[in-house]
Protein chains: 2
Amino acid sequence: MSFLPQNILDLIDEFSSLPGIGPKSAARIVFFLQKAPNELSLDLAEKLKQAKISTKICQNCYNLSEAELCVICQNEGRNEDQILVVEDSLDLIAIEKTGIFRGLYHVLGGIISPMNGVGPDEIRIKELLKRLEQIAKKKEGVFTELIIATNPNMEGEATALYIQKEIENNRLLSKRVKVTRLARGLATGADIDYIDDLTIKKAIEGRAEM
Amino acid sequence: MSFLPQNILDLIDEFSSLPGIGPKSAARIVFFLQKAPNELSLDLAEKLKQAKISTKICQNCYNLSEAELCVICQNEGRNEDQILVVEDSLDLIAIEKTGIFRGLYHVLGGIISPMNGVGPDEIRIKELLKRLEQIAKKKEGVFTELIIATNPNMEGEATALYIQKEIENNRLLSKRVKVTRLARGLATGADIDYIDDLTIKKAIEGRAEM
């Protein structure tokens, strides 16, 4: 595509490197921006910088934050005795949108995946254990429920299992932390005809009285 | 999503306004960028600015360009007696990639679309006629072939027809410009079973000897 200015080719390349954007969509976006008023590109450029410069990570739960503590950890109305463990902030958003969970979060920042060279030390499991220990020492006699909400796939299961084992093997935490896991089963609107065996198995195992 | 920093929400909004990116993909891109090294965001920001600041429009054909004339118009090996009319630079790229066309282009910068309030004066039809007149005056006795390559839909057809009429009604141009249109017919690999009636009709009308 040497019949296009280098600047444009560079920008198409940059957009192509983002998740979910192929070279064709990248070209479409760049041409759209070139046609649009300058402000659109300049605004996007400014906001890209701002997001990087002034966004912090919450010191308590590792969610994205403007301050030392994120909006959720700052909120005194949240139940401190429940901590829900998610892979990343996107999962946190999905759960927070439902409005059903009123506890706190812990963002792992990844998932154990030997295939991709991610071990337990690369994600925030140590930080989670430390956080739980601090709670256990500070609040005598209180049980913390740790709800593990990693994705229902091999890596998510392995990570959940690893965390559960770490807590089981920890003398302090094993007595003070109750580990739970999001239910597996039929998705709303699903057609049993088309559901994979494992999901049906989990739905039968997890069946509840009506 | 007030549980996310305003900067992040702003950036997700900006990405959502780009073509082909919904709110979910926008969020995914923004979280990807937040996880990635700072350079990725800052690079993208810089290139967005550069593309806007230093990209010009070719004074001859209105393609994107680094200089007064684009790479194609600067190339003396191209056939000046053929001008291919496209809606935008994306279409130009698609045609240029095939390597089959060695003439020059004219980028309309849009398509006549009364539904969207785009009339003939909003796109570069006047500029096309002026360009053709200049060629006709400069080169005595030379015919210019004007190949119209607007998309094969209602708006593309209307635009093609409008241009053809303008040339027909122009005393100078009607004698010196031959207007042609890209062939309509079966796409490679198409299954006649599944093709719409209009395409089959066009393919029959345009049938060629073997």
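Start by selecting Ser89(B) and showing what it touches: beyond its neighbours within four places in sequence, it is in contact (heavy atoms within 4.5 Å) with Phe31(A), Asn63(B), Leu64(B) and Val107(B). This is a predicted model, where local features need pLDDT of at least 70, side-chain atom pairs count only at pLDDT 80 or more, and totals for chains, interfaces and linings use all residues. Residues are numbered from 1 along each chain as its sequence is written, chains are lettered from A in the order in which they are written, and side-chain values use heavy atoms, with hydrogens and water left out.

Ser89(B) belongs to helix 5 of chain B, residues 89-98 (helices are DSSP runs of H or I, at least four residues, and strands are E runs of at least two, numbered from the N terminus). Ser89(B) counts as buried because its relative accessibility is 5% (buried means under 20% relative accessible area, with a 1.4 Å probe and protein chains only).

Now hop to helix 5 of chain A and colour its buried residues: Ser89(A), Asp91(A), Leu92(A), Ile93(A), Ile95(A) and Glu96(A). Their cover includes strand 2 (64-65), helix 4 (71-74), strand 3 (79-86) and strand 4 (103-107) of chain A, along with helix 2 (23-35) of chain B.

Finally, zoom out to both chains.

Notes. Buried < 20%, exposed > 50% of the residue type's maximum accessible area, 1.4 Å probe, protein only.
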